[in-house]
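User: I have a structure open and would like to learn how to read its features. Could you walk me through it?

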Amino acid sequence: MSAGPGNGTSLSQKPVPFAANPGVRLKVEQASYAYQATDRSAPKFTLGPASFEAEQRELVAILGPNASGKSTLLKLLAGLLKPLSGRVELDGSEVSALHLRTRAQRIALVQQESELLFPLRVWEYVLQGRYPYGRRLRFESEEDCLLAGNALAQVGADALRDRWMDRLSGGEKQRVILARALAQQPALLLLDEPTQHLDIGGKVELLRRLRRMADENRYTVIVVTHELNLAAEFADRIVLLHKGKSLRIGTPGEVYERQLLEEVFEAPLEVELRTSGRPRVILGSSH
Amino acid sequence: MRPLTPRRIVLISGLLCVALFGVVVLALRMGAYPISLRDIVFTLCREALGRRDEISSEFWLVIFGLRLPRIALAILVGGALATAGAGFQALLRNPLADPYVLGLSSGAALGAMLSLVLAPHTVGVIQAGAFVGAAATTATVYFLGRRGGQLDSPTLLLAGIISASFLSAAIMFLGTTLSGRDQRGMVFWLMGDLATPPSIDLKWLYFVLLVTLGCIYTTASDLNLILTGEQEARHLGVNVNRVKMVVYVAGSLLTGLAVSVGGAIGYVGLLVPHTMRMLFGTDYRLLIPTSAIGGAIILVVADTLARTVVAPTELPVGAMTALAGAPVFIYLMRRRVR
């Protein structure tokens, strides 16, 4: 685990050989990004260089207030954006240089779902996760169906298989979207604010499930979230972003400092340590 | 879980082909000169077996000289328009996308008229002009229909409807000032009509149709994913820009092809893909072939009605499709609003 801008590098430098640490799966080295001023669809925003590593079975939470660069960082990790400087490597390969299908076999990104144009059954939706494994005009094999079925079972959505996507509740839909990502059999699972439309029970259940998946399936899971306490409870590492800068990277205990969190989130907060050794954030009295 | 298999596609397409054959035989029977079904079947069999000398010259003229070429034209135009509609609905992410409603057919018609003015005697110039017209209008509507970098459904439809009305006005202007030079007249370009045989050999048009359908079919799996969102499709490994370019060019070609020989026939691209979705599901691997065959069936039926319901006068076939298509458009629009 390396944090902050201390281990500086530039594009001209040769990549550090990944074999040096066989446990490391995702390696982010001084990766930065800036939206161009001409890009009207995006705000003028710069993500300063960020460096961290994540191993198999690790759950990393990216935290920060709105417009701190969380989603931009996630897009860099997904290979959807090419870093302006630095590198993002998955198992030694630069993710933005991977072939589209190869990338989809190794990285699954769960975003807020967009509106479906035509109704679709749950199993049809989950089977789409097998797309990266076929040729251009592909027909699903029995193995694809089996894997899609397993993915549904893994998120506890077996019973939803024949339901229509547009008739599901928020929590059910979230599980099905996760199942499609699992059907991709990725090494790296990225989730952009997956708890946004869930009630507290749904949030805890989702994080617990992600934790179990990371442990059992040896996924590396990266979650962008606003849920400070859930992140403290379930994540191994925290990346704290503020105004495009990665302020601190470390275990929840290392990152959750009262003064730091108050500065970042601009709210009176208190941090207490639970008996489990993990911190908890509560609303403090206003100054 | 019952994923789509090639066998199911062949089976359903085969059944629709049988239905198309039935409709063609019935269409051959209908008209001013009465021919019994038995005679039609015998005549078709004799022609297929190469025994033309056993066919009476009257039957041959009515069936092979008059009715069959027109039916072949209806199959070509119907198949092209329905497939273009299915393609544009995915490309523009809008269930109400139809070459006619969005003004793409009017663009093709204007392109064809202009090409007739510029190079009246060149073979294939109408088709080339119609393709350029359709492609230019599609690009215009696509960019006018965007808000904040994203396609916006109501904006897109408004942009299409306004483009259609503007282009229709331009067609009327051109049709009026050039009357006498253009043999087809404004009703052909504005409403569509299959009464005039094309100036180019049908087999070339069929060749272009089949190649284009083949091209668009290669994107069928990708289109299924694009329907759930372009971003998602990209994450799943779809080369979205390539697919959009293929569908854009193929859709414009199909629209141009149909309009160049049949005029701006409306609503086939809306009516047929939606009917096929209701019958067989939304999977584009099945939707593309069923739309192509379904479009052929619908237009053969519509054209047969157009030439027989008020006989001896003929209606433009576009009037028949609009009578059926406009209520469907309103139904789909209201369902969407809810």
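**Reading the model**

Analyst: Gladly! Of the 287 residues in chain A, 43% are buried, where buried means 20 or more other C-beta atoms within 10 Å of a residue's own, exposed means 12 or fewer, partly exposed lies in between, and C-beta atoms are placed from the backbone. This is a predicted model, in which local features need pLDDT of at least 70 and side-chain atom pairs count only at pLDDT 80 or more, while totals for chains, interfaces and linings use all residues. Residues are numbered from 1 along each chain as its sequence is written, with chains lettered from A and ligands numbered from 1 in the order in which they are written.

User: Which residues of H8(B) are buried?

Analyst: The general idea is that an α-helix has 3.6 residues a turn, so residues three or four places apart point the same way. Helices are DSSP runs (H or I, at least four residues) and strands are too (E, at least two), numbered from the N terminus. In H8(B), the buried residues are B:Leu205, B:Leu209, B:Thr212 and B:Ile216. They span an arc of only 75 degrees around the axis, which puts them on the same side of H8(B); the arc is that of the directions from the helix axis to the C-beta atoms. The other side of H8(B) has exposed residues, including B:Phe207 and B:Leu210.

User: What do the buried residues of H8(B) pack against?

Analyst: Their partners in chain B are helix H3 (57-91), helix H11 (240-262) and helix H13 (284-308). Contact here means that C-beta atoms, placed from the backbone, lie within 7 Å.

User: At what angle do H5(B) and H11(B) pack?

Analyst: Axes are lines fitted to C-alpha atoms, for helices over the stretch in contact, and angles run from 0 to 180 degrees between N-to-C directions. Helix H5 (residues 125-144) of chain B packs on H11(B) at about 130 degrees, with the axes 7 Å apart. That makes H5(B) oblique to H11(B) (under 35 degrees is roughly parallel, over 145 roughly antiparallel, 65 to 115 roughly perpendicular, the rest oblique).

Methods:
Contact = placed C-beta atoms within 7 Å.
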